[in-house]
Amino acid sequence: MRVDHIALQVADPRRAVNWYSETFGAETIYVDDTWGIVQLENIKLAFVIKEQHPPHVALEVDNVDGGKVHRDGSVSVYKKDPWGNIYELVKYER
């Protein structure tokens with residue numbers, strides 16, 4: 001298991017992707033009006049809008065029970081740890 005990404009809530013994902021790309025040299029993986037994701041050397045940062053995703057840490061796993069299928073073919077499910085923090089378990093089809 002490894003950390004796949006950290007998701008931060010922002011009002012404007014496009015602006016956040018541009019800022020992180022210009023400020024830190026992050027590589028843009030994807031961006032639209034509702035979410036964006038960039039790759040830094042050791043981790044991905046996702047920028048999400050409040051209406052669609054909670055702020056969370058995503059962990060890549062080998063199996064996900066249930067969950068939502070995303071447009072990239074990945075499957076994920078959100079859960080809470082004992083302290084109320086949200087984490088996402090995500091499995092990619094390779």
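Two strands pair if DSSP finds at least two bridges between them. The legends below describe a predicted model.

**View 1. Pairing of strands β5 and β8.** Strand β5, residues 56–60, runs parallel to β8, and the two are joined over 4 bridges. Within this view, L59 faces its opposite residue in β8, L89.

**View 2. Strands β7 and β8 and the hairpin between them.** Strand β7 covers residues 75–80 and pairs with β8 in the antiparallel sense, over 6 bridges. S76 has V90 of β8 as its bridge partner. The hairpin has 5 residues between its strands, and G84 adopts a positive phi near 90 degrees.

**View 3. The largest pocket.** Its volume is about 540 Å³. The lining of the largest pocket consists of 22 residues, and those nearest the centre are W35, I37, H70, D72 and S74. Two or more lining residues come from each of β1 (2–9), β2 (27–31), β3 (35–39), β4 (44–48), β6 (68–69) and β8 (86–91). The largest contribution is that of β4, with 3 residues. Sorted by class, the lining of the largest pocket holds 10 nonpolar, 6 polar and 6 charged residues.

**View 4. Confidence along the protein chain.** Mean pLDDT is 94 for the protein chain, with 100% of its residues at 70 or more. Confidence is highest in helix α1, residues 13–24, at a mean of 98, and lowest in β6, at 86. Strand β6 is also among the elements that give two or more residues to the lining of the largest pocket.

Key: Residues numbered from 1 in each chain as written. Predicted model: local features only at pLDDT ≥ 70, side-chain atom pairs only at ≥ 80, totals over all residues. Heavy atoms only, no water. 1 Å grid on protein atoms, 1.4 Å probe; cavity = no way out; pocket = protein on both sides within 12 Å on 5 of 7 lines; lining within 4 Å. Points joined across faces, edges and corners; volume = space filled by probe spheres on them. Nonpolar A, V, L, I, M, F, W, Y, C, P; charged D, E, K, R; others polar. pLDDT = per-residue confidence, 0-100.
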